[in-house]
Amino acid sequence: MRIPPFCFELFVLALGILLLLLETFSEKQDRKMFAFIGIVGLAVVFLLLQTSTPGPSGMASYVVDSAAIFFKKISVLTTIVVLIMSIDYADAIKRFLPGSSPQSGLGEFFALPVLTCAGMMWMSSAIDFILIFVSLELVTISFYILVAYMRRNANSLEAGVKYLILSGLSTGFTIYGITWIYGVTHQTNLARIEQVLPGIPLENQPGLLFGALLVLVGLGFKIAAAPFQFWVPDVYQGAPTPITAFLSVGSKSVGFIVLLRVVQAFQSLPAVGNRLITAIILLAAATLLYGNLAALPQTNFKRLLAYSSIGHAGYILIAVAGIGSRDSGRAVVVYLAAYLLMTLLSFLVLVIVTARGEGDDIVNFNGLAKRSPFLAFGLLVAMMSLAGVPLTAGFLGKFLVFKVAFETRQFFLIALGIVTVGCGFYFYLKVVRAMYWQPASASVTSIPVSKLSLAAIAIMVILIFVLGVFPQIALGLLP
Amino acid sequence: MNLLVQLTYLSQIIGALLILGGMPARRTAIIATLIAFVSALIVFAGYDRTTAGYQFLASLPLVPDWDLKFSIGVDGLSSTLLLLTSIVGLAAILVSPTVEEGENRYYACILLIAAGAAGAFASLDLFFFYAFHELALIPTFLMIGIWGTGNRQSAAWKITIYLSIGSIILLVGLIGLYLLPPAPQRTFDIVKLQQLASSGVFSGSGSKSIYLLLLLGFGILVSLFPFHTWAPQAYASAPVPVAMLHAGVLKKFGLYGLLRVALPLMPEAAHHWAWLLLILVTGNILYVGLATIAQKQLDLTLGYSSVMHMGYVFLGIATYNIIGLNGAALLMLAHGLSIAALFAMCGEVRKQTGTLNYLDLGGLATNMPTLSFVFGLATFASIGLPGFANFASELLVFFGAFKTPTPGSAFNEFQIVGTIALWGVVISTVYMLRAYRAIFMGEPQARWQGVRDIPAKVRWAVVLLVAALLVVGLAPRTVLDAVEPGIRLFVK
């Protein structure tokens, strides 16, 4: 029996609401229980998603293609890992929360990611600008709360305000762009827009391009592409670490699927489509350079990951710019899958290492190999994969991106890519240096790790190697 | 037989995993490298020399769309290099010291470096050929950074950044190579690519720039002038086994890549860029040679000398005739053995005396008779004295350079560079003998009283390497008979 496609979203939504109700009505319950309920519920959704196959959805604004299913899986998986991290991070959160009882306020922290996940899942399937916009807002508004969650921490509040203002601005750009596109095409549905585009008269094309560029600006904020990346370092550093991970993986992934769908739709009118591609190439170049060069001098691990997330957006944009190549969509999907694994792995280790109030500077990782060899090995694998060492998932992503760039003759981007990969090796290995070369600072005791986190780390490490050694598995993600 | 080829790299990977899992480090590592050595020896002996081409093939299809497979197999050249890898790997494990902290990581890293090199030589698929080589990058970074000496941190950074940029350039070149043929013929399979080459798909537009990318990428990995500056410092600072493996084996990957991929597939492009390679070769031999003379420490002298000797191999490759290429292939083996022996003994001298500075050393021959004798042999080998493999191979390279005919000119550019390269032999005589005199000759000094001769485990390693040099030097045909048929396939 085929489960109706939008049921997954409804189920996740119901799960989120259930958690909120539990928070309200069961005061004595251990709040960490909520996270476990969320994890189990989402795991069920993830397993059910495996049975989901592309097919008609019965709705014009909602598609179920293999890309949509893939991005739904990414959303669910990311949320599960974020919840695992949140359990480890709960004590740190608590320190910055006012409240009468020891656990007051924690419940929402576990419920909101689930609601965000529902928004991301809608967004993966949305092909109507209205639905895209609504789900985008569902995601963004949950993030406003989550980023500023630690109410007594000035950094968290600062991050929240920055995210609120800049994200609001980007939403404005997006909706203004949608208006222009609607004005020219009289359509909000991307599938219909694709059909009517070839008939757009020449005098209306500048307006259409203007609208598309505005949407690109709005999405640029979501995927953290330069020059719309200003919010990233501060927000990433200030937000609670699990939320940073959520932002950097979940928010970025769904941004990319919308971007892919929009760019794909505009290909039916080459006059506008090609200019859009040119804009994306420029965006990719700026993002690659900014993300990787600015990461070089970073000494804070969270900021380093923030810049790294910008840099990786640059590589994925290369793949988007190569939309003419057969492997373009595949490259985006594989890169995102790899990015998900290695970024979540880094954040998970970061959460565990810093959970007991130690700072999140790279210096705090000094001598980690001696304190906790397993954590150090996990982070080593994550860093290798982020840098793009072969036989890891990250290498496969870079390989595909370079392949797509070569096929579409983007030699300028290839040359930039060579330089930035070199930079990447430097700043990712800085973390490895701290863990393996440097002597441990004051405390040398090993760091306690919960069984759940231990299993999550082990699974992600194995997956990174499996995807790297057997590329067919990764390529099979998007047939 | 197929299993034995797999064992040349697999035994070391398994060994590394077992060691990381808690098995006794040194014993497991010796067993793993012994298995690899015996397998490589049997593969080398069992390779059928009467027919050219690849033997002992095994493959596992991974991405049918792209024709990407995990495929393993050897020909004469790769079985020779596998033998080199396993000998040096065994020697490197033998000379490895007892490490107080993190011994398991130390041995696992060495095994992974050796496995990376062996896997690259055994791979017949561009993807894994590339991937295996990169496998050695991170262990090298860790080894130099944690257990290195002197200015280890900057050395580790330099080698890692240089090699990663070289590799990524190489990767782009390989992707370009893959995309050159029309879509249905595209493949990562090196054997199929070489068959395709005769149909001329690699001589179209773009092949020249792709060859340049490959030359640049491979060149950086082999420390081609002017991209050589990472090598001497890294080898000087690296722990002894890493210096042996890297200078002796891993660096040969770039040369192997040129001989395996770039030259057979794109002979026209190789011809087109020969002038560039000749100029850079001169830099390797003369500029780096003179820089070697200026060194005042044994480790740096050896580091620079290994860069310089790469010039001869490149010269042999540039000649593009059978004699020169034979010489290049043989020299890869000979240089790998001799530099590994020299680095092993250099490490021993440092351990015993605490210094490698020529001004501080002197008169060690009295206290270290065996070491000074074997060091002398390795020195002679490195200079290229008859009897050692280096002599035979350098001779072939020079003959190759002089043989290259260019119609209409009596004295062509190959012969000019060949003549310059001959002076390189004089240069290497100067710095090697000077080093020998500074360290071993002279009055016995009182402060070396505590210095003892070479310990058994290092002696075994060094004797193994020097004996191999002598065997190949006295009977170079054992190797050339294996290598030559493969070369004749693409050189008319």
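Leu245(B) lies in helix H11 (residues 240-250) of chain B, where helices (H or I, at least four residues) and strands (E, at least two) are DSSP runs numbered from the N terminus. This is a predicted model, in which local features need pLDDT of at least 70 and side-chain atom pairs count only at pLDDT 80 or more, while totals for chains, interfaces and linings use all residues. Residues are numbered from 1 along each chain as its sequence is written, and chains are lettered from A and ligands numbered from 1 in the order in which they are written.

With 30 other C-beta atoms within 10 Å, Leu245(B) is buried; a residue is buried if 20 or more other C-beta atoms lie within 10 Å of its own, exposed if 12 or fewer, and partly exposed in between, with C-beta atoms placed from the backbone. Leaving aside neighbours within four places in sequence, Leu245(B) is in contact with Val88(B), Gly89(B), Ala92(B), Ile110(B), Ile113(B), Ala114(B), Ala117(B) and Leu250(B), where contact requires the C-beta atoms of two residues, placed from the backbone, to lie within 7 Å. Thr140(B) is 105 residues away from Leu245(B) in sequence, and the C-alpha atoms of the two are 9.9 Å apart in space.

Helix H3 (residues 76-95) of chain B has 20 residues and reaches 29 Å from its first C-alpha to its last, close to the 28 Å expected at 1.5 Å a residue, the expected span being 1.5 Å times one less than the number of residues in the helix. Because 20 of the 20 residues of H3(B) are buried, this helix is largely enclosed by the rest of the structure.

The largest nonpolar core has 403 residues, of which Tyr335(A), Ala91(B), Ala344(B) and Leu465(B) touch the most other members. Such a core is a set of buried Ala, Val, Leu, Ile, Met, Phe, Trp, Tyr and Cys residues joined through C-beta atoms within 7 Å. Helix H13 (residues 328-354) of chain A supplies the largest share of this core, 21 residues. Not counting residues up to four places away in sequence, Ala344(B) touches Ala91(B), Val95(B), Val240(B), Met244(B), Val458(B), Ala461(B) and Val462(B).

Chain A contains 19 helices and 2 strands, and chain B contains 21 helices and 2 strands. For the 479 residues of chain A, a compact globule would have a radius of gyration near 23 Å, and the 21 Å of this chain agrees; the radius is taken over C-alpha atoms, and the globule rule is 2.2 Å times the number of residues to the power 0.38.

Along the principal axes, the C-alpha atoms of chain A fill a box of roughly 70 × 55 × 45 Å, and the C-alpha trace of chain B spans about 70 × 60 × 40 Å. Buried residues make up 61% of chain A, and 61% of the residues of chain B count as buried. Among contacts in chain A between residues at least 6 apart in sequence, 80% join residues at least 24 apart.

## Where the chains meet

In the contact between the chains, 24 residues of chain B meet 22 residues of chain A. On the side of chain B that touches chain A, the elements giving two or more residues are strand E1 (55-63), helix H5 (126-135), helix H6 (137-147) and helix H7 (152-179) of chain B, and H7(B) gives the most, with 11 residues. The residues on this side of chain B divide into 19 nonpolar, 4 polar and 1 charged, where Ala, Val, Leu, Ile, Met, Phe, Trp, Tyr, Cys and Pro count as nonpolar, Asp, Glu, Lys and Arg as charged, and the others, Gly among them, as polar.

## Backbone details in loops

The peptide bond from Ala226(A) to Pro227(A) is cis, with omega near 0°, and Pro227(A) sits in the loop between helix H8 (205-223) and helix H9 (231-238) of chain A. In chain B, the bond from Phe225(B) to Pro226(B) is cis, with omega near 0°, and Pro226(B) lies in the loop between helix H9 (207-221) and helix H10 (230-237) of chain B.

His186(A), although not a glycine, has a positive phi of about 60°; His186(A) counts as exposed, with 10 C-beta neighbours inside 10 Å.

## Confidence in chain A

The mean pLDDT of chain A is 88, and 97% of its residues reach 70 or more, pLDDT being the predictor's confidence in each residue, from 0 to 100. Within chain A, confidence is lowest in strand E1 (residues 55-59), at a mean of 79, and highest in helix H12 (residues 301-321), at 93.
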